[in-house]
Amino acid sequence: MQEKAANKLIEEIRKTTKKKGFDPEYLVTQFKELRKYALEEQDPTVTKVLRLSYEFIGANESFMIGLEEFTPESDEECVDFFLQLLSESDKPLNREEIKEFRDVLKDNLD
């Protein structure tokens with residue numbers, strides 16, 4: 001994400017999740033807030049993956065999703081990895097992984 005405030009929020013979410021553990025209500029609220037920045041940046045991929053993420057967390061009380069090259073050991077690890085990708089969403093490799101997150105989440109919500 002390009003917006004400085006968005007990246008500040010990402011770091012805040014990462015720190016809180018590391019400190020307090022996986023909190024579905026907190027993450028849904030924060031991902032909704034983060035999505036506002038993606039809308040402002042006119043980034044449809046990040047906007048959609050954030051929406052799918054908070055819908056998945058709300059429906060499953062978990063964020064344990066496996067990707068081709070990443071299988072998390074905990075919800076916290078998956079959230080941290082996801083947020084790392086978002087913080088540098090303009091990098092081509094990160095962009096591909098964000099799209100993979102999007103596709104996996106979409107498949108699991110349909």
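The legends below accompany close-up views of a predicted model.

**View 1. The overall fold of the predicted protein is built from helices, with five helices and zero strands.** Read along the sequence, the elements follow the pattern α-α-α-α-α. The radius of gyration is 12 Å, close to the 13 Å that the globule rule gives for 110 residues, so the protein is as compact as a globular protein of that length. Along its principal axes the C-alpha trace spans about 30 × 30 × 25 Å, and buried residues account for 46% of the 110 residues.

**View 2. The largest nonpolar core comprises 35 residues.** Those with the most contacts inside this core are Phe31, Leu34, Phe63, Leu86 and Phe101. Two or more residues are given to the core by each of helix H1 (4-20), helix H2 (24-40), helix H3 (44-60), helix H4 (75-87) and helix H5 (92-109).

**View 3. The surroundings of Phe63 are shown, with residues up to four places away in sequence not counted.** Phe63 touches Phe22, Ser53, Phe56, Ile57, Asp75, Cys78, Val79, Phe82, Phe101 and Leu105, and one of these, Phe101, is also listed with Phe63 among the core residues that have the most contacts inside the core.

**View 4. Ser62 is shown in the loop between H3 and H4.** Because its relative accessibility is 17%, Ser62 counts as buried, the cut-off for that term being under 20%. The side chain of Ser62 reaches the backbone nitrogen of Met64 at 3.1 Å. Leaving aside residues up to four places away in sequence, Ser62 touches Phe22, Phe56, Ile57 and Asp75.

Definitions and conventions. Residues are numbered from 1 along each chain as its sequence is written. This is a predicted model: local features need pLDDT of at least 70, side-chain atom pairs count only at pLDDT 80 or more; totals for chains, interfaces and linings use all residues. Side-chain values use heavy atoms; hydrogens and water are left out. A nonpolar core is a set of buried Ala, Val, Leu, Ile, Met, Phe, Trp, Tyr and Cys residues joined through side-chain atoms within 4.5 Å. Buried means under 20% relative accessible area, exposed over 50%, partly exposed in between (1.4 Å probe, protein chains only). Helices (H or I, at least four residues) and strands (E, at least two) are DSSP runs, numbered from the N terminus. Contact means heavy atoms within 4.5 Å. A polar contact is a pair of N or O atoms within 3.5 Å; within protein, one must be able to donate a hydrogen and the other to accept it, and residues adjacent in sequence count only if both atoms are side-chain atoms. The radius of gyration is taken over C-alpha atoms; the globule rule is 2.2 Å times the number of residues to the power 0.38.
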